[in-house]
Amino acid sequence: MRWSVLLLLILSIIVLLSSYLILNLNSEIVSFNFLFNKIQVSLGILLMSFFLLGFFIFLMLELIYFYKRNKSE
């Protein structure tokens with residue numbers, strides 16, 4: 001097994017473990033205002049959803065940047 005595969009496996013296990021801990025340790029219910037609607041959801045799910053939303057926005061912007069950079073060269 002290569003070092004990169006082992007490192008990727010360890011990193012994915014750490015991310016999954018931290019996601020599990022965030023979801024379980026933040027189980028209290030909070031109200032979230034979303035476009036004139038109040039939604040009651042647990043704090044852990046809200047934190048994970050905003051983290052994933054930010055990650056996907058970051059990923060899309062980076063892909064657009066690298067695509068334009070490689071196209072201009």
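**Entry 1: confidence**

I looked up the confidence of this predicted model by element, and found the lowest mean in the protein chain, 87, in strand β1 (residues 29-34), and the highest, 90, in strand β2 (residues 37-42). The score is pLDDT, the predictor's confidence in each residue, from 0 to 100. The protein chain has an average pLDDT of 88, and 97% of the residues score at least 70. Helices (H or I, at least four residues) and strands (E, at least two) are DSSP runs, numbered from the N terminus.

I noted the ground rules for this predicted model: local features need pLDDT of at least 70, side-chain atom pairs count only at pLDDT 80 or more, and totals for chains, interfaces and linings use all residues. Residues are numbered from 1 along each chain as its sequence is written, and side-chain values use heavy atoms, with hydrogens and water left out.

**Entry 2: the largest pocket**

I asked which residues line the largest pocket. They are Val15, Ser18, Ser19, Ile22, Met48, Phe51 and Leu52. A pocket is found on a 1 Å grid over the protein atoms alone, as an open set of points where a 1.4 Å probe fits, with protein on both sides within 12 Å along at least five of seven lines; lining residues have an atom within 4 Å of a point. The space in the largest pocket is about 170 Å³, a volume being the space filled by probe spheres set on the grid points, which are joined across faces, edges and corners.

Helices α1 (3-25) and α2 (43-72) each give at least two residues to this lining, and α1 supplies the largest share, four residues.

**Entry 3: Ser42**

I then turned to Ser42, which lies in strand β2. Is Ser42 buried or exposed? Ser42 is buried, because its relative accessible area is 15% (buried is under 20%, exposed over 50%, partly exposed in between, with a 1.4 Å probe and protein chains only). Leaving aside neighbours within four places in sequence, I found Ser42 in contact with Asn26, Ser27, Glu28 and Ile29, contact meaning heavy atoms within 4.5 Å.

**Entry 4: aromatic rings**

I found five aromatic pairs in the structure. Among them, Phe32 and Phe34 are stacked, at 6.2 Å centre to centre with 25 degrees between the planes. Rings of Phe, Tyr and Trp (its six-membered ring) pair if their centres lie within 6.5 Å; planes under 30 degrees apart count as stacked, over 60 as edge-to-face and the rest as tilted. Phe32 is partly exposed at 24% relative accessibility, and Phe34 is partly exposed at 45%.

Phe55 and Phe58 form a tilted pair, 6.4 Å centre to centre and 40 degrees between the planes. Both lie in helix α2, three residues apart, about one turn of the helix. I also noted one aromatic cluster formed by Phe32, Phe34 and Phe50.

**Entry 5: the loop between β1 and β2**

I checked backbone angles last. Most residues other than glycine have a negative phi. Leu35, in the loop between β1 and β2, has a positive phi near 50 degrees. Leu35 counts as exposed because its relative accessibility is 66%. Phe36 is placed in the loop between β1 and β2, with a positive phi near 70 degrees. Phe36 is exposed, at a relative accessible area of 88%.
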